[in-house]
Amino acid sequence: MAWFKRESKGITTSTEDKKEAPDGVWNKCPNCKRPLHYTEQVENQYVCHYCGYHLRIGSKEYFSVLFDNNEFTELFSNLRSGDPLEFVDTKKYSDRLKETQAKTGLKDAIRAAHGKVDGQPLMVACMDFNFIGGSMGSVVGEKIARSIDYSIQNKVPFLMISKSGGARMMEAAFSLMQMAKTSAKLALLGQAGVPYISLLTDPTTGGVTASYAMLGDINIAEPGALIGFAGPRVIKETIKKDLPKGFQTAEFLQEKGFLDFIVDRREMKEKLASFLKMMAN
């Protein structure tokens, strides 16, 4: 039957002549599953314009959203994690670090920079989930500590953008020590009278939540962000009860008093500028 056969060669395209869309041009919203073009994502500040879902982004994107004209000065960029325990799981930790650094172009799971937000000076430390799940290791703690020192010395407000799966198990106690270290530094920041704003994004979990993420003078979260210490399965098995609907979402935490505000990313810069001006006066 001719209906089911392609007799004319002109209506087919050989494999070598097919044109593929370049990687990264199109993305799919994890919530509504609709296709999103990269240009549209940038224009809408990486928020789905169909359903309002906030896509996971890293420090590069947050800096472009917040800093005026995307102009900033990055600090402490030379810091890299060591392997003091010579840790090995499915592969050596030292090899995992090298592979992740090559894949992401990042030195570790955090970047620190200072610039201006609507003309107001601000020091920002932002975590990157793409780097071993945004895990908190010794470099993360050290960069936060040095960022706080910069804020104290220059009397510049400090913004911490958290996005993490928790402490980095490959550094064991060296990782857990960062909870106390950063909390102590934030106490010094408070004594110096310098404002601290904590922005919790999806996800913020584990030791990060249990330390600097919840210590802000103002605690802000993005809509729908997962925020918690232990996972819901662990909590459910521990307390032997079903968890309430929406448990560990930003909206649930705001209702219980853990958050001051939930702010849409498209309005984040304007809100932060308002806070900075208010605290400056």
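This is a predicted model: local features need pLDDT of at least 70, side-chain atom pairs count only at pLDDT 80 or more; totals for chains, interfaces and linings use all residues.
Asp118 belongs to the loop between β4 (110-117) and β5 (120-127), whereas Lys277 lies in helix α8, so the contact ties together parts that are 159 residues apart in sequence. Lys277 counts as partly exposed as well, at 35% relative accessibility.

## Helix α8

Helix α8, which contains Lys277, spans residues 265-280 and has 16 residues. From its first C-alpha to its last, the helix reaches 23 Å, close to the 22 Å expected at 1.5 Å a residue.

The buried residues of α8 are Arg265, Met268, Leu272, Ala273, Phe275 and Leu276. Viewed down the helix axis, these buried residues fall within an arc of 165°, so they line one face of α8. Glu270 and Met278, on the other side of the helix, are exposed.

## Further salt bridges

Across the whole structure, the search finds 15 salt bridges. One of these joins the side chains of Lys181 and Glu142, with an N to O distance of 2.4 Å. This pair links distant parts of the chain: Lys181 is in helix α5 (residues 172-191) and Glu142 is in helix α4 (residues 138-154), 39 residues apart. Lys181 is partly exposed, with a relative accessible area of 29%, and Glu142 is also partly exposed, with a value of 23%.

Glu237 counts as partly exposed at 46% relative accessibility, whereas Arg233 is exposed, with a relative accessible area of 58%. Elsewhere, salt bridges with shared partners join Asp108, Arg168 and Glu171 into one network.

## Cysteines

The model contains 0 disulfides under the applied rule, which requires a pair of cysteine sulfur atoms within 2.5 Å. For Cys48, the closest cysteine sulfur is that of Cys51, at 3.7 Å, which is too far for a bond. For Cys51, the closest cysteine sulfur is in Cys29, at 3.6 Å, and this separation is likewise too far for a bond.

The surroundings of these residues can be described by their accessibility. Cys48 is buried, with a relative accessible area of 1%. Cys51 counts as partly exposed, at 34% relative accessibility.

## Aromatic pairs

A pair of aromatic rings is described by the distance of the centres and the angle of the planes. The search of the whole structure finds 6 aromatic pairs. In one of them, the ring centres of Phe63 and Phe67 are 5.4 Å apart and the planes stand at 50°, so the pair is tilted. Both partners are buried: Phe63 has a relative accessibility of 0%, and Phe67 has a relative accessibility of 1%. Ring pairs also link Phe63, Phe67 and Phe72 into a cluster.

The rings of Phe158 and Tyr196 have their centres 5.5 Å apart and their planes at 15°, so this pair is stacked. Phe158 lies in strand β6 (residues 158-164) and Tyr196 in strand β7 (residues 196-205), so the pair ties together parts that are 38 residues apart in sequence. Phe158 and Tyr196 are both buried.

## Annotated domain

The UniProt record, an unreviewed entry, carries the annotation "domain: CoA carboxyltransferase N-terminal" for residues 25-281. In the model, the end C-alpha atoms of residues 25-281 lie 44 Å apart. The span is 36% helix and 20% strand.

Conventions. Residues are numbered from 1 along each chain as its sequence is written. Side-chain values use heavy atoms; hydrogens and water are left out. Helices (H or I, at least four residues) and strands (E, at least two) are DSSP runs, numbered from the N terminus. The expected span of a helix is 1.5 Å times one less than its number of residues. Buried means under 20% relative accessible area, exposed over 50%, partly exposed in between (1.4 Å probe, protein chains only). The arc is that of the directions from the helix axis to the C-beta atoms. A salt bridge is a side-chain nitrogen of Lys or Arg within 4 Å of a carboxyl oxygen of Asp or Glu. UniProt positions are given in the numbering used here, feature names are shortened, and annotations may be inferred rather than shown by experiment. Rings of Phe, Tyr and Trp (its six-membered ring) pair if their centres lie within 6.5 Å; planes under 30 degrees apart count as stacked, over 60 as edge-to-face and the rest as tilted.
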